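The following exercises ask the reader to examine a protein structure step by step. Each task is followed by a worked solution.

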Amino acid sequence: MIKVLDKNRDKKDLYEAYKLEERNKYRQFYHVHPISGLLNDPNGFCYYNGYWYLFYQWHPFGPFHGQKHWYMTRSKDLIEFENMGVGLVPEEIFENRGAYSGSGLEIDGKLNVFYTGNFRDNNDIRRPKQVRAVLGEDGKIGHKKVIIGTNKDFTEHQRDPSIYYNPLDKTYYIFLGAQDMDKGSIILYRSKDLDAWEYRGKIKIKGYKDFGYMWECPSFAKVDGKDLLIFSPQGLGDGKNSNRDLNGYLIGKMDFENVEFVVEEDFKRLDHGFEFYASMIGKSQEKTYLISWLGLPDVNLEKNGLSNSSLSLVRNLEIRDGRLYQRPQDFTEKIIESKKTTSNKLEVKSIKPMRILIENVMEDIKIDFFKDKNGSSPLILTYREESLLLERLDIIDRKNWEVRILELKVDKLEIFIDRSSVEIFVNDGGYTLSTRIFPEDEEESLEISSNDKVNIEYGFIGKIDTKFTL
Ligand code: FRU
């Protein structure tokens with residue numbers, strides 16, 4: 001029998017796991033991280049009843065991918081997330097191997113979620129179902145109903161429904177990740193009443209017929225008058241100079257009637273660092289945001305039996321000149337001991353969770369993160385001759401250096417450091433690089449050195465509370 005969460009029975013065990021995690025030196029300080037076990041994709045990110053709701057894929061019972069639940073958080077400012085307890089427990093037969101990823105939307109004053117019931121039959125064959133459910137007054141997602149059965153035209157890989165309401169034809173659409181033979185794709189469904197769903201076909205996207213073996217986690221929105229389609233195509237990178245599984249976007253025009261996404265701007269990566277995946281859009285009337293998993297399907301971040309899994313910061317999305325700009329939230333009010341200097345050298349003896357802003361970058365700048373007494377660091381950012389290089393000592397066994405390179409002119413860097421992650425926003429979010437990093441005890445200082453003087457502002461991030469809530 002596969003174990004699912006029973007609050008009365010499991011509370012003590014999970015609380016103990018949380019206490020262990022609290023002492024974990026790599027536990028994130030101001031990012032969303034699980035109360036126990038493992039977290040992966042963000043789920044159901046949407047605005048509802050005065051709050052941003054954000055769930056995540058959660059395996060409560062240990063730091064590995066197991067029976068997936070959804071854990072629930074919410075936030076007013078998209079910086080501080082309140083732990084609200086388990087949102088979705090996979091208790092029904094159609095989700096007998098977990099409640100997989102999905103999306104959320106406020107409909108008629110209720111938070112509706114759409115997700116994949118990872119169902120396996122008696123012969124252990126996967127037959128995914130797409131489920132609609134509603135968040136009840138008791139803080140639990142219930143009224144679950146299968147709305148889309150397994151589609152026979154595709155392989156068993158059909159998952160991660162993304163809901164979109166199109167005001168033009170007053171119709172709900174679901175974008176669903178699916179595998180066509182051995183190729184990734186997105187298929188489309190529509191409904192007027194949310195109960196009866198009509199299959200409309202595979203979305204035609206010229207030039208992207210053969211683009212990875214599976215597309216996970218689609219997410220669609222209108223941003224600044226353009227249509228934005230985000231997805232995570234698997235198997236495109238070489239795993240060395242880039243991740244094997246990518247995470248990126250297309251800009252264009254969605255033709256719902258003809259089931260075609262007309263591409264105006266080719267596929268671009270959302271992030272150029274090491275771990276960033278399964279991104280999801282959240283939208284209010286005025287603004288569009290993005291959040292991601294700071295992890296990858298084939299990377300195990302577990303250390304000493306602890307999971308170390310984490311979500312990214314929330315990013316504010318804008319489209320300008322055919323590109324996506326991703327900016328962090330304004331952390332000003334969360335920063336303590338803020339300092340400003342204009343210099344070509346800065347050393348911070350003991351790195352703490354912090355934000356750094358460097359302006360007026362000219363040529364030749366180097367940042368050593370987590371430097372030890374002998375002068376070596378496991379993570380280095382260098383900018384020289386219009387190349388930005390992020391080098392990292394690999395996080396699994398620290399044997400090899402990995403590198404990510406961006407060719408561009410840099411004038412501004414905004415950097416967020418947490419206990420085990422660094423997120424770098426270049427030129428107001430025109431490019432970003434995110435990475436996990438697990439510094440050892442003696443690796444504790446930060447050094448910025450540059451040929452010319454640069455303007456540096458830096459400060460530590462005060463504690464953002466999260467508590468154990470089951
Ligand atoms: C992406 C993913 C999704 C799936 C979920 C399961 O990381 O594989 O496609 O729904 O994780 O946890």
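In what follows, Ala, Val, Leu, Ile, Met, Phe, Trp, Tyr, Cys and Pro count as nonpolar, Asp, Glu, Lys and Arg as charged, and the others, Gly among them, as polar. The model is predicted, so that local features need pLDDT of at least 70 and side-chain atom pairs count only at pLDDT 80 or more, while totals for chains, interfaces and linings use all residues. Residues are numbered from 1 along each chain as its sequence is written, and side-chain values use heavy atoms, with hydrogens and water left out.

**Exercise 1. Describe the lining of the largest pocket.**

Step 1. A pocket is an open set of points on a 1 Å grid over the protein atoms alone, where a 1.4 Å probe fits, with protein on both sides within 12 Å along at least five of seven lines; lining residues have an atom within 4 Å of a point.

Step 2. The lining of the largest pocket comprises 27 residues, and L105, Y164, Y165, K283 and S284 lie nearest its centre.

Step 3. By class, this lining holds 15 nonpolar, 9 polar and 3 charged residues.

Step 4. Strands are DSSP runs (E, at least two residues) and helices are likewise DSSP runs (H or I, at least four), numbered from the N terminus. At least two lining residues come from each of β1 (38-48), β5 (99-107), β9 (158-166), β13 (214-223) and β17 (277-283).

**Exercise 2. Identify the residues with the most contacts inside the largest nonpolar core.**

Step 1. A nonpolar core is a set of buried Ala, Val, Leu, Ile, Met, Phe, Trp, Tyr and Cys residues joined through side-chain atoms within 4.5 Å. Buried means under 20% relative accessible area, exposed over 50%, and partly exposed in between (1.4 Å probe, protein chains only).

Step 2. The largest nonpolar core has 34 residues, and I356, I358, F369, L413, I417 and L446 have the most contacts inside it. To this core β30 gives the most, namely 6 residues.

Step 3. Contact means heavy atoms within 4.5 Å.

Step 4. A second, separate core of 28 residues includes Y56, W58, V89 and L470.

**Exercise 3. Determine whether Y173 is buried or exposed.**

Step 1. Y173 is located in strand β10 (residues 171-180).

Step 2. Y173 counts as buried because its relative accessibility is 0%.

Step 3. Beyond residues up to four places away in sequence, Y173 touches several residues, among them Y164, L188, W197 and F256.

**Exercise 4. Examine how β11 and β12 pair.**

Step 1. Two strands pair if DSSP finds at least two bridges between them.

Step 2. Strand β11 (residues 183-191) and strand β12 (residues 198-202) pair in the antiparallel sense over 4 bridges. I187 has K202 in β12 as its bridge partner.

Step 3. The two strands β11 and β12 form a hairpin with 6 residues between them, and L194 in the turn has a positive phi of about 75°.
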